[in-house]
Amino acid sequence: MTDPKLRDIERKIDSGVSLDRADGVAMLQTQDIHTLGRLAKAAKERKSGRDVFYVLNRYINSTNICYANCRFCSFAVDESKERDRAVRMPSDEVFAKALETGINFNQIHIVGGHDPKQLTLDYWLPLMRRFKEALPHVQLSLFTAAEIDYLARRHRLSYDAIMGELHGAGLDNINGGGAEVFSPRFRAAVCPNKVDAAHWLEIHEVAHRRGVASNATMLYGTIETLEERVEHLIMLRESQERSPGFNAFIPLAFHPDGNELSSHGWTSGLDDIRMFATARLMLDNVDHIKAYWMIQGLKVCQVALAFGADDMDGTHGSTDEERIYHSAGTRSGQYVDDREFRRLIEEVGYVPVRRNSTYDRFPHDWAPPNHGVPEVKQALRPSASTPPAGKAVGAPHDRVSAAAEDAVGAPSN
Ligand code: SF4
């Protein structure tokens, strides 16, 4: 150990004392990356042992139309100015996209812009019920707190009332986006038109009290200070104490292409790794730290598993629908084969575990029973199962054959 501050931090951890602001900043600054990794890896193993999680999911950005004008955003489109880039999917299209490569998945993850014509209860409640009826094995991981704040204001409903509507229609989990950095200084400069920190936290706490789980994120790598990053983590930890329900924290590295903050460039690999380890050690009451391959890339995320992360997120299916990070320059593809997740996890010496949004476990080869819903059968015509060419990340096999395995009627355990 070459950094004496890490020795003090280790003593606190051994005594069960939560780490404070100074500890967090010290970890984000340390050059003793090996000791930091050892501490974070031990913390991960106390939480989840040898397990590392992944999910077979579908990821869709149903609309990119948004007028919030966050300065880091490369995704949002003003419909009146960039009509050719604007996407607003009818609900039938969202449903069909989710089924493009079969029904063997356990989560559908959808987020989008603050689109006045799509972000309404009239659009979402029937679609959510349709998913639940057709795909009862699939958990709905929909919206961010920013979208829910927009919905609540638009329908003049309290957070509790809007959550009651969404939960009643089948919402299982709220996505962690929209948190950015909680600092008022940051939000005033970067995302002044988005839900503020207090309301972001309140929405998640209301959801948790209603039995809806959620995740949390932080966007790092722009104008925030290290102190503001640590303060963000502490605010999440305190929120989790008040109203438990955050399953995972996901550090989101800033991507610079096509937005107003592009001069900040890409985060470095060391910054990413310190961020994973620091999050693991600061958030002692959050079970999972997610290394999301779409953001930091598969290789950094594999290394992150040795620095406190215990989740690699999901396959995304083979649709072509992740737009947020692809608009901002990610070099990641659109999906990862689940066999590739297992290979990467096992190479680190851990045990891959298939999960859903709420971390229920599934055998790797689990498949849903054929429940015979006609519109699901219709959506799974053979021609609809062919994935786009050249989009895979690390796919070790022919994706079409995997899609065929996913079809209705596949053997179930
Ligand atoms: S980050 Fe979200 S809320 Fe902000 S402009 Fe982009 S889509 Fe809109």
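The exercises below treat the ligand shell, a pocket and the nonpolar core of a predicted model.

Residues are numbered from 1 along each chain as its sequence is written, and side-chain values use heavy atoms, without hydrogens and water. In this predicted model, local features need pLDDT of at least 70 and side-chain atom pairs count only at pLDDT 80 or more, while totals for chains, interfaces and linings use all residues.

**Exercise 1.** List the residues around the ligand and sort them by class.

Step 1. With a heavy atom within 4 Å as the criterion, the shell consists of C66, A68, N69, C70, F72, C73, F75, A76, G113, H114 and K194.
Step 2. Sorting gives 7 nonpolar, 3 polar and 1 charged residues; Cys counts as nonpolar and Gly as polar.

**Exercise 2.** Describe the second largest pocket and its lining.

Step 1. The space in this pocket is about 380 Å³. A pocket is an open set of points on a 1 Å grid where a 1.4 Å probe fits, with protein on both sides within 12 Å along at least five of seven lines; lining residues have an atom within 4 Å of a point.
Step 2. Of the 21 lining residues, I295, Q296, G297, L298 and S332 lie nearest the centre.
Step 3. Helix α13 gives the largest share of the lining, 4 residues; α12 (293–296) and α15 (338–347) each supply at least two.
Step 4. By class, the lining has 9 nonpolar, 7 polar and 5 charged residues.

**Exercise 3.** Locate the largest nonpolar core.

Step 1. Such a core joins buried residues (under 20% relative accessible area, 1.4 Å probe) through side-chain atoms within 4.5 Å.
Step 2. The core has 117 residues, and M128, F131, F143, L166 and W200 have the most contacts inside it.
Step 3. Helix α5 (residues 121–134) contributes the most, 8 residues.
Step 4. Domain 1 (4–47) and domain 2 (51–362) each provide at least three core residues.

Definitions and conventions
Grid points are joined across faces, edges and corners, and a volume is the space filled by probe spheres set on the points. Buried means under 20% relative accessible area, exposed over 50%, partly exposed in between (1.4 Å probe, protein chains only). Domain bounds come from an automatic or database domain assignment.
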